[in-house]
Amino acid sequence: KEQLLQSLGRSFVAGKEQDMDGGSAGRHQPFRSDPRKQARYARFCLAVEGKASASEALQDTGGLSEADRSAELAEFGRVFRMFKQTHPDADVATALDADGSAVGGAAG
């Protein structure tokens, strides 16, 4: 499994490490095991909600190739939709920043 993931050239987050439904103390941190990816995801969500600049959200490529970045953005879209379907009235900014660090996380 590890060899397969390495051959893909991408860093995937294992499902068991994801908080897909935001159930952990009101947080929505599906990529908490990868803080840089979580920060990119937070900026993506805020841009989708109109609470941040889309161009700023797209600036941090995480060092990924264009194809990998495109796949990551598609993944972010799927995770965001799942969260909103489960929690339609949730304030995304609050859920992302429940511990005070997700929204302003590391840039890369």
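Predicted model: local features only at pLDDT ≥ 70, side-chain atom pairs only at ≥ 80, totals over all residues.

Student: What does the fold look like along the sequence?

Tutor: The pattern reads α-α-α-α-α, with five helices and zero strands. Among contacts with a separation of 6 or more, 58% are between residues 24 or more positions apart. The accessible surface comes to about 6200 Å², and 51% of that belongs to carbon and sulfur atoms.

Student: How do you know that helix 2 has the span expected for its residues?

Tutor: Helix 2 covers residues 35-48, which is 14 residues. Its reach from first C-alpha to last is 20 Å, close to the 20 Å expected at 1.5 Å a residue. Just after helix 2, Gly 50 takes a positive phi of about 80°.

Student: What makes helix 2 "mostly covered"?

Tutor: Eleven of its 14 residues are buried, and buried means under 20% relative accessible area. Lys 37, Arg 40 and Arg 43 are among them, along with Tyr 41, Phe 44 and Cys 45. The cover includes helix 3 (54-59), helix 4 (66-86) and helix 5 (92-96).

Student: Why is the Phe 31 and Phe 76 pair called tilted?

Tutor: The rings sit 5.5 Å centre to centre, and the cut-off for pairing is within 6.5 Å, so they pair. The planes are 55° apart; under 30 degrees would be stacked and over 60 edge-to-face, so tilted is what remains. By this rule the count comes to five aromatic pairs.

Student: Where in the chain do these two sit?

Tutor: Phe 31 is in the loop between helix 1 (2-8) and helix 2, while Phe 76 is in helix 4. They are 45 residues apart in sequence and 9.9 Å apart in space, C-alpha to C-alpha.

Student: Are Phe 31 and Phe 76 buried or exposed?

Tutor: Phe 31 has 0% relative accessibility, so it counts as buried. Phe 76 is at 0% as well, so Phe 76 counts as buried too.

Student: And what makes Tyr 41 and Phe 44 a stacked pair?

Tutor: Their planes are 20° apart, with 6.5 Å centre to centre. Stacked needs under 30 degrees, so the angle passes. Tyr 41 and Phe 44 are three residues apart in helix 2, so about one helical turn separates them. Phe 31, Tyr 41, Phe 44 and Phe 76 form one aromatic cluster.

Student: What does Tyr 41 touch?

Tutor: Leaving out residues up to four places away in sequence, Tyr 41 touches His 28, Pro 30, Phe 31, Phe 76, Val 79, Phe 80 and Leu 96. Tyr 41 also features in the largest nonpolar core, which has 13 residues; those with the most contacts inside it are Tyr 41, Phe 44, Cys 45, Phe 80, Val 92 and Leu 96.

Student: Which helix gives the most to this core?

Tutor: Helix 2, with five residues. Helix 2, helix 4 and helix 5 each supply at least two. In soluble globular proteins, nonpolar side chains tend to be buried together.

Student: How do you know that Glu 72 and Arg 40 meet in a salt bridge?

Tutor: Their side chains come to 2.8 Å, N to O, and the cut-off is within 4 Å, so the label holds. Glu 72 lies in helix 4 and Arg 40 in helix 2, so the pair ties together parts 32 residues apart in sequence. Both Glu 72 and Arg 40 are buried. Arg 40, Arg 69 and Glu 72 are linked in a network of salt bridges.

Student: Which residue does Arg 43 form a salt bridge with?

Tutor: Asp 60, with the closest N and O atoms 2.7 Å apart. Arg 43 is in helix 2 and Asp 60 in the loop between helix 3 and helix 4, 17 residues apart. Arg 43 and Asp 60 are buried.

Technical notes. Residues numbered from 1 in each chain as written. Heavy atoms only, no water. Helix = DSSP H or I, 4+ residues; strand = E, 2+ residues; numbered from the N terminus. Expected span 1.5 Å × (residues − 1). Buried < 20%, exposed > 50% of the residue type's maximum accessible area, 1.4 Å probe, protein only. Contact = heavy atoms within 4.5 Å. Phe/Tyr/Trp six-rings, centres within 6.5 Å; stacked < 30°, edge-to-face > 60°. Areas by Shrake-Rupley, 256 points an atom, 1.4 Å probe, with all protein chains shown as cover. Core = buried A, V, L, I, M, F, W, Y, C linked by side-chain atoms within 4.5 Å.
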